[in-house]
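Trainee: I would like to go through this model feature by feature. Please give the rule for each term before the case.

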Amino acid sequence: MIAVDAQRLLGRIRELGAVGRDGEGRLVRLAASDADRLGRDLFVSWLRQAGLDVAVDRIGNIFGIWQSAGNAGEAPLLIGSHIDTVIDAGIYDGCYGVLAGLEAIETLKASGLSPSRPLAVAAFTNEEGVRFSPDMMGSLVHAGGVDVEAALAAVGTDGSTLGQELTRIGYAGERESGFLKPHLYIELHIEQGPVLDREGIPIGAVETLQGISWQRITLDGVANHAGTTPMSMRCDAGYAAARVITFLHDLAAAGSNAPTVATVGTMRLEPNAINVIPSRAVFTVDLRDPDEQRLQAQEAALAAFLEQLAAEGITVSVERLARFAPVVFDGRVVKLIEAAARKRGLASRRMTSGAGHDAQMIARMAPSAMIFVPSVGGISHSPHEHTGDAELVAGANILLDVVAELAVIKR
């Protein structure tokens, strides 16, 4: 049974993890930044060392492609993830899947096996969505979910434009978005949650991915003196916002074993003074559920509660920020992941991804699936993000086995 080169994989993860450190030692490799350029340059150098054809599309997605004269006409099996990060990131999120994909292809090339279809590894642009919106942008554009011109016109948090920044860093590619139409897509990722770690299971066969509903809600009341206005005579936007937060928490918690989650992640009060009743509250709502009907029911319940606030004198405005339907991954590949784990003597479990991933977008254009490995303590988007070396190597070997099976590799 062939296996990946563990030291090469682990060494590359750590080398890429050192790229983009700021003056405080934080890993900050935001999309289309100077740090992102350095990470991309390093990744491309590894693709070329591996003898892969390198292609970059207009949104900056990078592809390393292994094909031969015998399989050039076939749709490729695509492996991928991303290498952009959040602010003060860990070194595994996204990067592990990209580098393990490269490692799987290099291992198969060195083994003397020949695939019946091309194999490709992708690093998708702006998965995190920290600097430019929406997140998972590169894979969404690749799958045809957003027009490339609209995506390139996205304005970042620093006032920059994505298209101009990609040109500046040298990654405004010439290939049209969606040029590579995969036969199938697989993404290996750390779980970013606590389930596998707590249960002591090394491999997750991801069968579903939660639907995501993002909204920005603005509640307008009346500013007034905090000391002279009786409680019964207030139109307090801050209090109304607190009621929404409590409502969402109770709504999600009331689902018993249902996996619905609700989060108010940002909030701003105006005029934001200690002695003034808030006239305005602006906050975001993140609702997630792997079942579309349940997610719609949660959205409807929130809308009804906001109507109740409006009837009480609060002016309500709602802006839809993002809406992605739940994804059911390819059942055949999920079974292959489980079978590969059994052959290597590893336990596995089926699971749902609570986070969004590039696989969520590529599933629009090709059968897709994901493999998870444990995140210690469930921690991610943090410098404390960690997965043990043995788990990282195990996941890469499962990816290798599944790719070999799906590509019908022969000597």
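Mentor: We begin at the domain interface: between domain 1 and domain 2 the count of salt bridges is zero, a salt bridge being a side-chain nitrogen of Lys or Arg within 4 Å of a carboxyl oxygen of Asp or Glu. This is a predicted model, in which local features need pLDDT of at least 70 and side-chain atom pairs count only at pLDDT 80 or more, while totals for chains, interfaces and linings use all residues. Residues are numbered from 1 along each chain as its sequence is written, and side-chain values use heavy atoms, with hydrogens and water left out.

Trainee: Where are the bounds of domain 1 and domain 2?

Mentor: Domain bounds come from an automatic or database domain assignment. Here domain 1 covers 6-209 + 326-408, and domain 2 covers 211-324. Their centres, taken over C-alpha atoms, are 35 Å apart.

Trainee: How many residues of each domain are in contact?

Mentor: Contact means heavy atoms within 4.5 Å. By that rule 13 residues of domain 1 touch nine of domain 2. The two domains bury about 750 Å² between them, 64% of it on carbon and sulfur atoms; buried area is the accessible area (1.4 Å probe) that two parts lose on being put together, summed over both. On the domain 1 side, Asp135, Pro326 and Gln360 lose the most area, together 52% of what that side buries.

Trainee: Which elements give two or more residues to the domain 1 side?

Mentor: Helices (H or I, at least four residues) and strands (E, at least two) are DSSP runs numbered from the N terminus. The elements in question are strand E6 (203-209) and helix H11 (358-362).

Trainee: How many salt bridges does the rule count in the structure?

Mentor: Side chains of opposite charge can pair when their charged atoms come close. The count comes to 27 salt bridges. One of them joins glutamate 149 and arginine 58, at 2.5 Å from N to O. Glutamate 149 is in helix H5 (residues 148-152) and arginine 58 in the loop between strand E1 (53-56) and E2, so this pair ties together parts 91 residues apart in sequence.

Trainee: How many aromatic pairs does the structure hold?

Mentor: Rings of Phe, Tyr and Trp (its six-membered ring) pair if their centres lie within 6.5 Å; planes under 30 degrees apart count as stacked, over 60 as edge-to-face and the rest as tilted. The structure holds four such pairs. Phenylalanine 63 and phenylalanine 179 have ring centres 5.3 Å apart and planes at 85 degrees, so their pair is edge-to-face.

Trainee: Which residues does a cis peptide bond join, with omega about 5 degrees?

Mentor: Most residues other than glycine have a negative phi, and most peptide bonds are trans. A cis bond joins serine 133 and proline 134, and proline 134 lies in the loop between strand E4 (119-124) and helix H4 (137-142). Methionine 136, in the loop between E4 and H4, has a positive phi near 55 degrees. Another cis bond, between glutamate 270 and proline 271, also has omega about 5 degrees.
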